[in-house]
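Open your viewer and get ready to click along. We'll go stop by stop, selecting residues as we walk.

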Amino acid sequence: MTALCGLAWASGGSVPTGGPHADNAAAAARFLLDSQQPDGLFFAADSPDTPPDGSMYGHGFATLYLCEILGELTEPRFDPDAARAALVRAVRRITDSQNAAGGWRYVPTSADADISVTVCQIAALRSARDAGLDVPDGVVPAAIAYVRSCRNPADGGFFYQADRREGSRFARSAAAVSALRTAGLDDPAVEAEIAAGLRYLLAQRPGRGGGAYPHYGRFYATRAAWQAGGETWAAWFPPMRDELVRTAIPDAPGVFWRDGLINDEYATAMSVLALRVPARLLPIYRR
C-alpha cells in the first residue's frame with residue numbers, strides 16, 4: 001500500500017528530492033527501505049495489517065516504486081549506495097523466488113504461480129533493468145512464457161493460473177497484456193497475442209472499470225491502452241477518465257476514491273496512477 005501511494009505521488013512529480021509531496025514520498029521510501037528483511041524481501045513483518053501470504057505482492061510493488069525513484073534517493077535524506085544495494089538484494093529475492101513454472105505466487109517459497117503476482121514481478125524487473133540493475137538472462141523470458149501459458153485462445157483474455165482454466169477475466173487480462181508489452185520482446189507471436197488481448201479488453205470493458213477488481217483493472221488496462229496508443233487509447237482513456245472524475249468523492253483539501261474490498265488509500269492511489277499515465281513522469285509509463 002505504501003509503495004502504491006509512493007508511485008501515485010511520483011506519477012505527479014513528487015519524489016524525495018522535490019515536488020509538493022516530497023516529504024510524503026521520502027517517508028514512503030524510508031519506510032520501505034527500513035522494512036527490508038535480511039533475505040532482501042520488503043516486508044513489514046511486525047505489521048498486523050500485512051497478511052503473511054501476500055509478501056511477494058508487497059515486495060513487487062515496493063521494488064517497482066524504489067526502482068522508479070532510485071535516482072532521487074540521494075543525500076542528505078538517503079545513502080544512494082545503500083539504496084542501490086537494497087534494490088540489488090530485492091531483485092535477487094525476486095529472481096531467486098521464480099519457480100519452475102516461470103512465475104511467482106504470494107510467498108517466495110511457493111511452487112506454483114498465478115498471473116497477477118507474476119505480472120507484478122515483471123513490472124518490478126523491467127523497472128530494475130531500466131534503473132541499471134542486473135536482471136539475469138532468462139528470468140523475464142521464462143516469466144513471459146508463464147503469462148502466455150495462461151492465455152485463453154477462445155477470446156484472447158487470460159486465465160488466473162495456467163492449470164486453472166475457469167475463464168477469462170478483465171482485470172487479470174489487462175495485467176497480462178500490459179506485462180507482455182512491458183517485457184519489450186520483439187516476437188510476432190507475442191504481438192498477435194497482445195492485439196487479441198486488447199480486443200478482449202475493449203469488448204469487455206465494464207463501465208471502463210475492471211469487473212470484480214475495478215481499480216486494479218483500470219490501473220493495468222490504462223497502461224496497456226497507453227502502450228498500444230492510437231484507436232485503442234482513444235477508445236479507452238476518455239470514458240475511463242470521465243468515470244473516475246464522476247466517482248471521485250470530495251474530501252478537503254482534495255478527493256478520494258472508495259474500495260470496500262481493500263481500502264480507500266489503495267483505490268485512490270490506483271485511480272491517480274490510471275489518470276496520470278499520459279503525463280509519462282514514471283519511467284514504467286514510457287512507451
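**Before you start**

This is a predicted model, where local features need pLDDT of at least 70, side-chain atom pairs count only at pLDDT 80 or more, and totals for chains, interfaces and linings use all residues. Residues are numbered from 1 along each chain as its sequence is written, and side-chain values use heavy atoms, with hydrogens and water left out.

**Stop 1: α3 and α5**

Select residues 55-68, which form helix α3, and then 115-130 for helix α5. Helices and strands here are DSSP runs numbered from the N terminus (helices are H or I, at least four residues; strands are E, at least two). Two packed helices are described by the angle between their axes and the distance between the axes. The axes of α3 and α5 come within 8 Å and cross at roughly 20°; axes are lines fitted to C-alpha atoms, for helices over the stretch in contact, and angles run from 0 to 180 degrees between N-to-C directions. That makes α3 roughly parallel to α5 (under 35 degrees is roughly parallel, over 145 roughly antiparallel, 65 to 115 roughly perpendicular, and the rest oblique). Their crossing is left-handed, meaning the near helix is turned anticlockwise from the far one by less than a right angle, while clockwise would be right-handed.

Now show side chains. On the α3 side, the residues in contact include M56, F61 and L64, and on the α5 side they include V117, C120 and A124; contact means heavy atoms within 4.5 Å.

**Stop 2: α5 and α6**

I115, T118, I122 and L125 of α5 meet α6 residues, among them V140, I144 and V147. Nonpolar covers Ala, Val, Leu, Ile, Met, Phe, Trp, Tyr, Cys and Pro; charged covers Asp, Glu, Lys and Arg; the others, Gly among them, are polar.

**Stop 3: α7 and α9**

Next, select 170-182 (α7) and 214-228 (α9), which pack at about 35° with their axes 8 Å apart. Their contact includes F170, A174 and R181 of α7, plus Y216, Y220 and Q227 of α9. The classes here are nine nonpolar, four polar and three charged.

**Stop 4: a pocket**

Select A8, W9, T268, A269 and V272: of the 18 residues lining the second largest pocket, these lie nearest its centre. A pocket is an open set of points on a 1 Å grid over the protein atoms alone, where a 1.4 Å probe fits, with protein on both sides within 12 Å along at least five of seven lines; lining residues have an atom within 4 Å of a point. Which helix gives the most to this lining? It is α11, with five residues, and you can find α11 at 264-275.

**Stop 5**

Most residues other than glycine have a negative phi, and most peptide bonds are trans. Zoom in on E75 and P76, joined by a cis peptide bond with omega of about 5°. P76 sits in the loop between α3 and α4. Another cis bond runs from A252 to P253, with omega near 10°, and P253 is in the loop between β1 and β2. Finish at R280, whose phi is near 60°, a positive value; look for R280 in the segment after α11.
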